[in-house]
Amino acid sequence: MATFIEICNIVKIAGVLNEAIGLSLFSFSLAGEAKRWLHSFKGNGLKTWEEVVEKFLKKYFPESKTAEGKAIISSFHQFPDESLSEALERFRDLLRRTPTDGFSEPIQLNMFIDGLRPQIKQLLDASAGGKNKAKNPKRSN
């Protein structure tokens with residue numbers, strides 16, 4: 001969903017609210033069953049972006065799926081032969097698969113770092129000039 005929002009943010013039409021653009025473009029980001037599901041609301045209509053997000057997530061990310069995804073994310077560990085960049089990509093993929101995980105960015109960062117192999121953590125700490133968990137993820141060097 002993040003990519004869809006990024007695309008919507010680059011489309012600007014004078015006098016048209018961003019929410020209306022998102023509502024208009026959302027069906028183009030879907031296929032198959034999800035597209036049929038969205039079109040089933042045409043008569044009743046989903047009037048706000050919040051309604052679309054709420055109903056979509058409830059339909060395609062039920063609590064059981066979210067709980068399973070959260071458990072997988074929170075137990076993340078770097079594989080023995082996995083590079084840092086591969087581990088990061090795999091962690092990001094886990095986050096994408098569970099968009100309703102509810103973890104803030106600092107918590108996500110800490111879970112990722114906690115799951116890294118000890119020698120990789122030491123390298124990161126040394127390159128950052130201290131413990132990475134104490135750093136602000138938004139801070140730039």
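## An all-helix chain

The protein chain has eight helices and zero strands. Here helices are DSSP runs of H or I with at least four residues, strands are runs of E with at least two, and numbering starts at the N terminus. The order from the N terminus is α-α-α-α-α-α-α-α.

This is a predicted model: local features need pLDDT of at least 70, side-chain atom pairs count only at pLDDT 80 or more, and totals for chains, interfaces and linings use all residues. Residues are numbered from 1 along each chain as its sequence is written, and side-chain values use heavy atoms, with hydrogens and water left out.

**The whole chain**

Of the 141 residues, 29% count as buried. Buried means under 20% relative accessible area, exposed means over 50%, and partly exposed lies in between (1.4 Å probe, protein chains only). The chain exposes about 9,600 Å², and carbon and sulfur atoms supply 58% of that area. Such areas come from the Shrake-Rupley method with a 1.4 Å probe; for residues, only the protein chains shown count as cover. Contact means heavy atoms within 4.5 Å. Among contacts between residues at least 6 apart in sequence, 49% join residues at least 24 apart.

Helix 2 (residues 18-25) packs against helix 4 (residues 49-60) at an angle of about 40°, and their axes are 9 Å apart. That makes helix 2 oblique to helix 4. Angles under 35 degrees count as roughly parallel, over 145 as roughly antiparallel, 65 to 115 as roughly perpendicular, and the rest as oblique. Axes are lines fitted to C-alpha atoms, for helices over the stretch in contact, and angles run from 0 to 180 degrees between N-to-C directions. On helix 2, Glu19, Gly22 and Leu23 take part; on helix 4, they meet Trp49, Glu50 and Val52. The residues of this contact divide into three nonpolar, one polar and two charged.

**Two nonpolar cores**

A nonpolar core is a set of buried Ala, Val, Leu, Ile, Met, Phe, Trp, Tyr and Cys residues joined through side-chain atoms within 4.5 Å. The largest one holds 16 residues, and those touching the most other members are Phe26, Leu30, Trp37, Leu38, Trp49, Phe56 and Tyr60. Helix 1 (2-10), helix 3 (32-39) and helix 4 each supply at least two residues of this core. Helix 4 gives the largest share, six residues. Apart from this core lies another, of eleven residues, among them Ala87, Phe91, Leu94 and Ile113.

Ile113 is also one of the buried residues of helix 7 (residues 105-114), together with Gln108, Met111 and Phe112. Their cover includes helix 5 (63-74), helix 6 (84-97) and helix 8 (118-128).

**Two residues up close**

Thr66 lies in helix 5. Asp81 sits in the loop between helix 5 and helix 6. Thr66 is buried, whereas Asp81 counts as exposed.

The table gives their accessibility.

| Residue | Relative accessible area |
|---|---|
| Thr66 | 12% |
| Asp81 | 77% |

Not counting residues up to four places away in sequence, Thr66 touches Phe61, Thr98 and Thr100. With neighbours within four places likewise left aside, Asp81 is in contact with Glu86 and Arg117.

Notes: Ala, Val, Leu, Ile, Met, Phe, Trp, Tyr, Cys and Pro count as nonpolar, Asp, Glu, Lys and Arg as charged, and the others, Gly among them, as polar.
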